[in-house]
Amino acid sequence: VVSGEETVDRPWYKTDAKRPVVNEELLLEVAPHLAEAPQELKQMAIAQLRSQLRNPDKLQTEKCAITCRVAPSFTRVGHIELHGRRARKGGAAEKQQLELIVKHALMREYSDVDDVNAALEQRVLRMVHEFAKRISKLVADWLRVGYCQGNFNSDNCLVAGRTMDYGPFGFIEKYDPLWNMWVGGGEHFAFMNQPKAAHKNFFSFVKAVAPLLGEA
């Protein structure tokens, strides 16, 4: 962690330099409990997030820190997608690279369902089935607590099926199926379009690993 002072002028965030760090920590604390929480607790959590707002048109020097997120793995669908695309257009070397990153994902994120003694095709199929369950539950939980990820593309979708990239996220306050905290996210990543985005990420994942499946 590197700390110090920084002159901040980020009107697109409309918040201070601590916003991503503070909001992420708050989310990690409150998100698992919001569904069953009393209304007062929900309002308290939202008020705490709002307390970080500042005047976006005013330059000011603030204490800040550069932090590093820690997770079991940051392997994303986009990573697999890149190697899958190379494998479809390339030869044996590109397919070998795809196989290596998929085996890495199996080891890091799917060891609980993986059988290292099985053929690779069967291992990949098992991972695909498990990923379908995980991403379905993930998005269902998001909708259940009113969470909008904001930019749910394959680069922000972990193969583990856990929430990734808290930068543009937000909690819906008044129901609007096309609501998105981040203006750059567009309607395709809006609150009620998140299941469609998840389906597209799943399709991208399956297409990416297809060169390893043969006739399976």
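**Helix packing and buried loop residues in a predicted model**

Helix α4 and helix α5 (residues 120–145) pack at an angle of about 55 degrees, with their axes 11 Å apart. That angle makes α4 oblique to α5; angles under 35 degrees count as roughly parallel, over 145 as roughly antiparallel, 65 to 115 as roughly perpendicular and the rest as oblique. Axes here are lines fitted to C-alpha atoms, for helices over the stretch in contact, and angles run from 0 to 180 degrees between N-to-C directions. The crossing of α4 past α5 is left-handed, a term used if the near helix is turned anticlockwise from the far one by less than a right angle, with right-handed used if it is turned clockwise. On the α4 side the meeting residues are E99, V102, K103, A105, L106 and E109, and on the α5 side they are L120, R123, V124, M127 and R134. Sorted by class, this contact of α4 with α5 holds six nonpolar, no polar and five charged residues. In this sorting, Ala, Val, Leu, Ile, Met, Phe, Trp, Tyr, Cys and Pro count as nonpolar, Asp, Glu, Lys and Arg as charged, and the others, Gly among them, as polar. Contact means heavy atoms within 4.5 Å.

The model is predicted, so local features need pLDDT of at least 70 and side-chain atom pairs count only at pLDDT 80 or more, while totals for chains, interfaces and linings use all residues. Residues are numbered from 1 along each chain as its sequence is written, and side-chain values use heavy atoms, with hydrogens and water left out.

Stepping back, the protein contains six helices and four strands, where helices (H or I, at least four residues) and strands (E, at least two) are DSSP runs, numbered from the N terminus. Along the sequence they follow the pattern β-α-α-β-α-α-α-β-β-α. Of the 216 residues, 39% count as buried, which means under 20% relative accessible area, with exposed meaning over 50% and partly exposed in between (1.4 Å probe, protein chains only). Among contacts between residues at least 6 apart in sequence, 67% join residues at least 24 apart.

Two further helix pairs can be set beside the first. Helix α3 (residues 77–89) packs with α4 (residues 92–109) at about 155 degrees, and their axes are 8 Å apart. The two are therefore roughly antiparallel to each other, and their crossing is left-handed. From α3, the residues H79, I80, H83, G84, R86 and A87 meet E94, K95, Q97, L98, I101 and V102 of α4. By class, the contact of α3 with α4 has five nonpolar, four polar and three charged residues.

The axes of α5 and α6, in turn, come within 10 Å and cross at roughly 165 degrees, so α5 and α6 are also roughly antiparallel to each other. Here α5 passes α6 in a right-handed crossing. Helix α5 contributes V124, M127, V128, F131, A132, I135, V139, W142 and L143 to the contact, and α6 contributes Q194, P195, A198, N201, F202, F205, V206 and V209. This contact of α5 with α6 has 15 nonpolar, two polar and no charged residues.

What lies at the centre of the nonpolar packing? In soluble globular proteins, nonpolar side chains tend to be buried together. The largest nonpolar core has 33 residues, and those with the most contacts inside it are I80, V102, V124, F152, F205 and V209. Helices α3, α4, α5 and α6 (194–209) each supply at least two residues of this core, and its largest share, 10 residues, comes from α5. A nonpolar core is a set of buried Ala, Val, Leu, Ile, Met, Phe, Trp, Tyr and Cys residues joined through side-chain atoms within 4.5 Å. Leaving aside neighbours within four places in sequence, V124 is in contact with V102, V209, L212 and L213.

Loops hold buried residues as well. N151, in the loop between β3 (147–148) and β4 (170–171), is buried at a relative accessible area of 15%. Beyond its neighbours within four places in sequence, N151 contacts N156, P168, W182 and F189. In the loop between β4 and α6 lies I172, buried at 17%. The C-alpha atoms of I172 and L143 are 9.5 Å apart, although 29 residues separate the two in sequence. N193 is found in the loop between β4 and α6 too, and counts as buried at 16% relative accessibility.
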